[in-house]
Amino acid sequence: MCSSVRSRAVVSVSRRAKYGLRAIALTYVFVLVVIPMGVITTRTLRQGLGAFWDAISSPQAVSAFRLTATVTVWAVVLNTIFGVGVAILLTRYRFPGKRLMSALIDIPIAISPIVVGLALVLVYGPYNGWFGKSLHSAGFEVIYAVPGMVLATVFVSLPLVLREVAPVLEEEGLDQEQAARVLGASAWQRFRRITIPTIKWALSYGIVLSIARSIGEFGAIKVVSGDISGTGQTQTATLLVDERIEQLEPGAYQVSMVLIAVAVLAIILVSLIRPKEHS
Amino acid sequence: MSIQATSIVKRFGDFVALDDVDLSVESGRLTALLGPSGGGKSTLLRIIGGLERADSGSVRIAGEDTAGVPAQRRNVGFVFQHYAAFKHLSVYRNVAFGLEIRKRPKAEVRKRVFELLELVHLEQFADRLPSQLSGGQRQRMALARALAVEPKVLLLDEPFGALDANVRKELRDWLRRLHDEMHVTTVFVTHDQEEALEVSDEIVIINQGRIEQVGSPDELYDKPDNDFVMSFLGPVTKLGDRLIRPHDLEIFTEHVDDGIAAEVTRVQRAGFQVRADFRVEGSEPWAQLTRGQADALNLRPGSRVWVRPSR
């Protein structure tokens with residue numbers, strides 16, 4: 001009797017706590033995410049579809065979107081190859097310096113992007129960078145050009161694919177790959193027929209995260225690109241938003257809206273991917 | 001096809017997993033590598049299969065030196081303790097894997113896979129994923145997968161270790177029958193002495209990186225070379241300083257020559273068998289009797305008896 005009374009009391013307290021926590025969490029998300037996003041959306045819509053189309057189809061905007069897309073594709077491709085390769089290296093091989101390497105890979109996500117940009121300029125800058133000078137005299141521009149922007153974006157999103165893929169490889173262990181090996185599969189056949197299907201969902205998730213991160217990158221890009229506006233220059237979509245806000249020009253909301261839409265699409269993709277991981 | 005492993009040494013850091021081991025397996029036999037965990041038996045199996053490289057020594061399969069031949073070109077079948085099922089492939093595709101890698105014609109693959117699925121009684125599960133099978137079914141699938149490529153030898157690493165006791169026993173009988181039909185040279189690792197005694201033609205006892213004894217189950221049981229083999233294979237009890245089998249202890253109610261005076265401390269019945277514990281000078285042996293024997297002797301705690309080893 002006594003214990004049942006007490007357990008009911010525990011249930012009611014925990015239920016109250018549960019609703020309380022839920023309310024706090026909802027308010028938090030609402031204030032931080034929903035209200036600001038909602039404001040941008042309503043401001044965009046209030047100016048009408050015509051203004052929306054003008055803002056995102058001006059030559060400057062098109063050029064900025066194109067540059068963002070270029071940088072993102074490069075960064076995601078590089079991060080995918082690097083992420084899968086290093087995940088295999090870290091989970092399948094033992095070598096001296098492995099833990100140090102694992103720790104170093106996480107640094108980019110901890111460092112402020114603007115510091116990353118500054119560091120890259122110091123190393124690759126055309127006039128007083130470490131390798132930059134020799135690259136510049138060889139006619140290869142890194143800073144204030146697309147290679148530097150790709151470099152900066154790769155840097156800030158470095159561990160995203162790796163950190164999704166590595167735990168799955170760790171958990172699955174070596175058994176399936178060894179079984180395939182004994183059945184006659186070469187290293188490449190094992191990778192294609194066993195490893196890739198095993199990490200498929202984790203890899204997709206990592207790629208989506210990288211895309212979202214790369215599209216939104218601002219700080220590092222701002223430093224290394226020089227933010228040269230206009231067609232054929234080094235202004236990405238995030239830099240364009242910044243310029244339009246600073247100069248009180250119209251069109252910042254509309255471009256932001258496109259960036260938000262892409263991010264939301266990415267999140268929808270992720271939520272479609274996620275449940276399949278567990279089935 | 002036969003297997004000859006000669007002077008195999010394998011170290012993991014300071015730990016010596018295999019210390020100059022020689023193993024010879026005759027063609028067509030079912031051999032158990034039996035021993036306690038960490039004794040080196042799995043390592044030896046993996047070296048034969050090419051999944052591990054020996055520090056020194058050589059392995060010949062069907063007379064051919066395997067030095068420099070990677071696992072994928074040894075044409076051995078390997079079955080893992082935790083099935084190693086390809087989770088994203090159907091049962092059919094799992095079994096077909098080795099044949100697809102070898103680029104056999106589709107019709108031939110199909111015929112061979114269904115033959116094997118029938119052999120392991122999984123033909124109705126061809127389209128299922130491994131996650132939809134029980135442990136025993138998964139292991140049968142793994143066995144069919146290993147046999148599909150017509151391996152020179154079949155290597156099984158604790159194949160029943162992850163299964164329930166009932167399934168384990170069933171699969172054990174089934175492996176024996178399968179082997180009698182197929183006659184593929186088979187080596188399996190186990191730490192379960194009952195499994196080794198029941199299934200194999202020959203048992204190799206491995207302990208602390210060395211082979212203790214090789215022989216048929218009867219030879220090892222009846223004529224163990226040393227106390228380790230004796231106590232590892234079958235029950236033992238101590239009479240004075242001597243190890244004997246509990247069923248080799250004769251009990252008399254009257255004094256006999258060479259008999260040792262003893263007092264019954266406990267009599268416990270388990271089905272048809274009776275276990276009797278005694279106290280003699282210097283040790284506390286126990287004996288295994290049939291119920292009839294125990295009744296005839298009228299054993300009770302406190303009874304005075306004489307015990308004598310029968311062999």
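## Helix α4 of chain B

A helix here is a DSSP run of H or I at least four residues long, with numbering from the N terminus. Keep in mind that this is a predicted model. In chain B, helix α4 covers residues 135-148, so 14 residues by the DSSP assignment. From first C-alpha to last, α4(B) reaches 20 Å, close to the 20 Å expected at 1.5 Å a residue.

How many of the 14 residues of α4(B) are buried? Twelve of them are, so the helix is largely enclosed by the rest of the structure. The buried set includes B:Q137, B:R138, B:Q139 and B:R140, along with B:M141, B:L143, B:R145 and B:L147. The alanines B:A142, B:A144, B:A146 and B:A148 are buried too.

## A helix pair in chain A

Over in chain A, take helix α5 (residues 113-124) and helix α7 (residues 146-156): their axes come within 10 Å and cross at roughly 135 degrees. α5(A) and α7(A) are therefore oblique to each other, and their crossing is right-handed.

On the α5(A) side, the contact uses A:P113, A:V116, A:G117, A:L120 and A:Y124. Facing them from α7(A) are A:G148, A:L151, A:A152, A:F155 and A:V156. Sorted by class, the contact of α5(A) with α7(A) has eight nonpolar residues, two polar ones and no charged ones.

Methods
Residues numbered from 1 in each chain as written. Chains lettered and ligands numbered in written order. Predicted model: local features only at pLDDT ≥ 70, side-chain atom pairs only at ≥ 80, totals over all residues. Helix = DSSP H or I, 4+ residues; strand = E, 2+ residues; numbered from the N terminus. Expected span 1.5 Å × (residues − 1). Buried ≥ 20, exposed ≤ 12 C-beta atoms within 10 Å, placed from the backbone. Axes fitted to C-alpha atoms, helices over the stretch in contact; angles between N-to-C directions. Parallel < 35°, antiparallel > 145°, perpendicular 65-115°, else oblique. Left-handed = near helix turned anticlockwise from the far one by under 90°. Contact = placed C-beta atoms within 7 Å. Nonpolar A, V, L, I, M, F, W, Y, C, P; charged D, E, K, R; others polar.
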